[in-house]
Amino acid sequence: MELTAKASLQKKILLTSVYSIVVLFLLLAPTFLSDFRLSLLAKFLAFAIVAIGLDLIWGYSGILSLGHGVFFGLGAYCMGMFLKLEATGGKLPDFMSWSGLSEIPWFWKPFAHAWFALPAGILIPAALAFILGFFTFRNRIRGVYFTILTQALVIIVTTLFIGQQQYTGGTNGITGYQTIFGFSLSNQSTKTVLYLVTVVLLVAVFILCQRLVRSRSGRVLRAVRDAENRARFIGYNPSSYQLFVFCVSAGIAGLAGMLFVLHVGIISPTTMGIVPSIEIVLWVALGGRGTLIGAVIGAVLVNAAKSGLSETYPDSWLFFLGALFVIVVVFMPRGLVGLFNDIVGKLKPRMQTIMQAKGSKMKKAGSNG
Amino acid sequence: MEVQLLQLFNGISVSSILLLIALGLAITFGLMNVINMAHGEFIMIGAYSTYVTQLFFTSNIPADYFGYYFVLAILVSFAVAFIFGFVLEISLIRFLYGRPLDSLLATWGVGLVLQQLARSIFGAPNVAVQAPAWLNGGLEVMDGIILPYKRLFIIALVAVVLLAMYLFIYRSNAGRRMRAVMQNREMAACLGISTRRVDSMTFAIGSGIAGIAGCAITLLGSIGPSLGTYYIVDAFMVVVLGGVGKLIGSVFGALGIGVTGTFFEYWTNASIGKVLVFIVIIAFLQWKPKGLVTMRTRSLD
């Protein structure tokens, strides 16, 4: 008993030190990465945040959402509207006047204020998730049915955003930002600060989610994932837990979307379409669902591979992506982290037998003496 | 009044295509608990098979016989999509039984590969398939209402396929085996049914019907590598709405989505119409969470 406690303590110390080295590395990245690489990394970290959000719902409660592109996009649009209004100085944005609007629509007006726009980027996706989740989980619509509904949500929201060109900028989306809180977005020092903000928020979201999944609610969530009816019979209401985690997950996706706009400078309906939404799922699947760090690893790895491959061979990227889906699902359902744990798990017993052999020898030596 | 009738006709026309696509999905989902996202790509395969058949006719067969090519194209589309489906089932799907969400992801990947394959073979731009002369024009039923022969042909085609499916599922030995596996896999296996063979045949037939749907779609406009993605989500909504397990559920699901969708889009516009249909579906699921028609079962999940 004492031994296992000691081992878990050792593991904890090891993990904490690995995490702190990674975070330190990320915080110091601006000093040794080129500006281009830094902005790429910033984008990947924003993707890592949405991956954590998806992992929270898919990995820990077993609900696969293909709609996280929408939540990501809604957050991004909130930030985009805020930045656009700051760029125009509260006047009519250019694409609106092209579409024949003469006045800023009423729902755009509050987005001129940071105190409204920034929380809205998290709360609006969460509210949409609440509405969809409330009407589905309540009726025990789950599994594949829920997944298909979330995918339909993606199609609907994207066609809506493309169709309402005068309010959303249509296919072109919203771009042409200049400043945030008066600081120029094209300025490198602003970019570095925004990168650091992303790192801090990633760590914060990670810790928050870790606390959530280790809490009592997190345990109930996993119980619901593994045996929903049993959890219900014990007296928990699975739908309220599922609804809660779906909203949190959507809010996190919205936050990631806001950061994405800051780094990339444009948001358009293609970013929240079906393909980006399902790509988020691939990141989590590759990294390892049900482990938060897996989501982060998957997001960064796949996107690094994407920017490497699609720059040189744009056609083969889709073949690669398609093959990756099949390989991950068939051969490594628990992702890279699962693979790593398997390897460690295989090595460990060997180490232990060696240790035990040593231990028993010493015992023998002790009894003889 | 005329306009309303015409919209109703358009709605039925859309429904008929949705139904063709959803039939295969509903059966594979009901039978094997597999979600096949590559189903849309089988539609695309069917459409390109029609295109290739047409090319073959224009270059090798005298022009007098060109009118008949479409009949052959239907069979070719079915056969090609059938083969693709069969290969996919024995190479990938059978490893994913009982894991619907995983099958969804893996088949999505297959779909991406097939799309990209079509793009590198036929090129990214859309290609147009020329409809045979006897499908041009329309039937004038009233003043101002002309029903295009193409759409009438599609509806007739769907009716024939539906009838064939009905006879297959409810009147043939193979269909009886299929229903048995769907209702109770273990019991069916104990009674000597080769569930493996039933699975792969059913999956291939569902894929073949998607091929026919692709062939029909060539009559409505030009075709491209991502043709299937336009239809696939709507087709899945048909399955969600109609429920799995019985043919009639898909028929009602397709009619519901096709007709209401067309009317909503006519009354508002394309994007708002889609939102309204989605809201109606969610509202409907409040009343019947498992869809219109479900198989009775005493199991909890």
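Is S49(B) buried or exposed? In this predicted model, S49(B) has a relative accessible area of 8% and is therefore buried, since the limit for that class is under 20%. The residue belongs to helix 2 of chain B, which covers residues 39-60. When the neighbours within four places in sequence are left aside, the contacts of S49(B) are V76(B), S77(B) and V80(B).

From this one residue we can turn to the place where the two chains meet. On the side of chain A, 44 residues are in contact with chain B, and on the side of chain B the number of residues taking part is 38. The size of an interface is often given as the accessible area lost when the parts come together. For chain A and chain B the buried area is about 3,700 Å², and carbon and sulfur atoms give 78% of that area.

Charged and polar pairs are also found across this interface. The rule finds one salt bridge between chain A and chain B, and in that salt bridge D102(B) is paired with R289(A), with 3.3 Å between the closest N and O atoms. Five residue pairs in polar contact are found across the interface of chain A and chain B, both residues of each pair being at pLDDT 80 or more. Sorted by class, the side of chain A that touches chain B holds 29 nonpolar, 11 polar and four charged residues.

Although L40(A) and H263(A) are 223 residues apart along the chain, their C-alpha atoms are separated by 8.4 Å.

The salt bridges of the whole structure come next, and a search over all chains finds 10 of them. In one of these, the side chains of D94(A) and K84(A) meet, at 3.3 Å from N to O. Because D94(A) lies in helix 4 (residues 94-98) of chain A and K84(A) in helix 3 (residues 68-88) of chain A, the pair ties together parts that are 10 residues apart in sequence.

Another salt bridge joins the side chains of D226(A) and R225(A), at 3.1 Å from N to O. Here D226(A) is exposed, with a relative accessible area of 59%, while R225(A) is partly exposed, with a relative accessible area of 33%. A further salt bridge is formed by the side chains of E228(A) and R232(A), at 3.4 Å from N to O. These two residues, E228(A) and R232(A), both lie in helix 10 of chain A and are four residues apart, about one turn of the helix; both are buried. Salt bridges that share partners also join R289(A), R99(B) and D102(B) into one network.

F181(A) has a phi near 50°, a positive value in a residue other than glycine, and F181(A) is placed in the loop between strand 2 (179-180) and strand 3 (183-184) of chain A. In chain B, the phi of N33(B) is near 60°, which is likewise a positive value in a residue other than glycine. N33(B) is found in the loop between helix 1 (2-32) and helix 2 of chain B, and at 32% relative accessibility N33(B) counts as partly exposed.

Terms used. Residues numbered from 1 in each chain as written. Chains lettered and ligands numbered in written order. Predicted model: local features only at pLDDT ≥ 70, side-chain atom pairs only at ≥ 80, totals over all residues. Heavy atoms only, no water. Contact = heavy atoms within 4.5 Å. Buried area = accessible area lost by both parts, 1.4 Å probe. Salt bridge = Lys/Arg side-chain N within 4 Å of Asp/Glu carboxyl O. Polar contact = N/O pair within 3.5 Å; in protein donor to acceptor, adjacent residues only side chain to side chain. Nonpolar A, V, L, I, M, F, W, Y, C, P; charged D, E, K, R; others polar. Buried < 20%, exposed > 50% of the residue type's maximum accessible area, 1.4 Å probe, protein only.
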